[in-house]
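Trainee: I should like to learn how to read the features of a structural model. Could we work through one together?

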Amino acid sequence: MSNHTPGPWTVEGASGESGEAEVIESDNRIIAWTADSLGSDSFGILEDEDRANARLIAAAPDLLAALRKAADYMAEMGHPANVLDEARAAIAKVGKGAHVE
């Protein structure tokens, strides 16, 4: 099991046209934020991509839980090893620290 901050995580501040979108955990601690897209010509303006990134980050705990359940189910049902291996590899990245480029 990984030591990440448990969900649920929510997105705040993404409805305005400027500023940043914050990903908040249940104790109101900021997990991450996205702010005016890097390389964007619109400095200080949240782009649709920034909002989408914040929503994806906020969904991470739920996605991980669902993937773990799916991998367990696939193992029980004898699904093809390559699909199960991909799911397990993605889950393992959470515990080992994924390489970020």
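Trainee: What is the mean pLDDT of the chain?

Mentor: The term pLDDT is the predictor's confidence in each residue, from 0 to 100. Where pLDDT is low, the predicted coordinates should not be read in detail. Here the chain has a mean of 76, and 73% of its residues reach 70 or more.

Trainee: How many salt bridges does a search of the whole structure find?

Mentor: Side chains of opposite charge can pair when their charged atoms come close. A salt bridge is a side-chain nitrogen of Lys or Arg within 4 Å of a carboxyl oxygen of Asp or Glu. The search finds one: Glu25 pairs with Arg29, their closest N and O atoms being 3.6 Å apart.

Trainee: Is Glu25 buried or exposed?

Mentor: Buried means under 20% relative accessible area, exposed over 50%, and partly exposed in between (1.4 Å probe, protein chains only). Glu25 is buried at 7%, whereas Arg29 is partly exposed at 46%.

Trainee: Which residues is Ile24 in contact with, leaving aside neighbours within four places in sequence?

Mentor: Contact means heavy atoms within 4.5 Å. Ile24 touches Pro8, Trp9, Thr10, Glu12, Arg29, Ile30 and Ile31 in this sense. Ile24 also counts as buried, at 4% relative accessibility.

Methods:
Residues numbered from 1 in each chain as written. Predicted model: local features only at pLDDT ≥ 70, side-chain atom pairs only at ≥ 80, totals over all residues. Heavy atoms only, no water.
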